[in-house]
Amino acid sequence: MLIATGTRDGQPVELTYVLSGRMGPLTGVPASVVAQMVGSGQISGTGVFAPEGCVDADIFLAELAKRDIEVKRSEKVG
C-alpha cells in the first residue's frame, strides 16, 4: 500500500494505492516493466533518478494492468 498526502486547490488530499495479486509477480513484474521502458526509450537519461522523476505513471500502470496486476486508487479530500 502507498499513501501520498498533499494539497490540491488549498485542500488536503490523501491518495491511497493498493496492489492486488500474487507476491511473485508483484515483485518482479514492475521491475521488468521499467526495464522494458528503459530499453524502448520511454525512460532516457543517465545517472540515478527517483522513479517518480522518470517513470510516466499512466504508462506504468497501464502496463501493469496488461499483466493482470490491479492497482486500486482511492482519494480522500478534506
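The model is predicted; local features need pLDDT of at least 70, side-chain atom pairs count only at pLDDT 80 or more, and totals for chains, interfaces and linings use all residues. Residues are numbered from 1 along each chain as its sequence is written, and side-chain values use heavy atoms, without hydrogens or water.

The largest pocket holds about 500 Å³ of space. Of its 15 lining residues, L2, P51, A57, F60 and L61 are the closest to its centre. A pocket is an open set of points on a 1 Å grid over the protein atoms alone, where a 1.4 Å probe fits, with protein on both sides within 12 Å along at least five of seven lines; lining residues have an atom within 4 Å of a point. The volume is the space filled by probe spheres set on the points, which are joined across faces, edges and corners. Helix α3 (57–66) gives the most to this lining, with four residues. Helices (H or I, at least four residues) and strands (E, at least two) are DSSP runs, numbered from the N terminus.

T16 lies in strand β2. T16 is buried, at 13% relative accessible area; the cut-off is under 20%, with a 1.4 Å probe and protein chains only. Beyond neighbours within four places in sequence, T16 is in contact (heavy atoms within 4.5 Å) with M1, L2, I3, K72, R73 and S74.

Technical notes: Buried means under 20% relative accessible area, exposed over 50%, partly exposed in between (1.4 Å probe, protein chains only).
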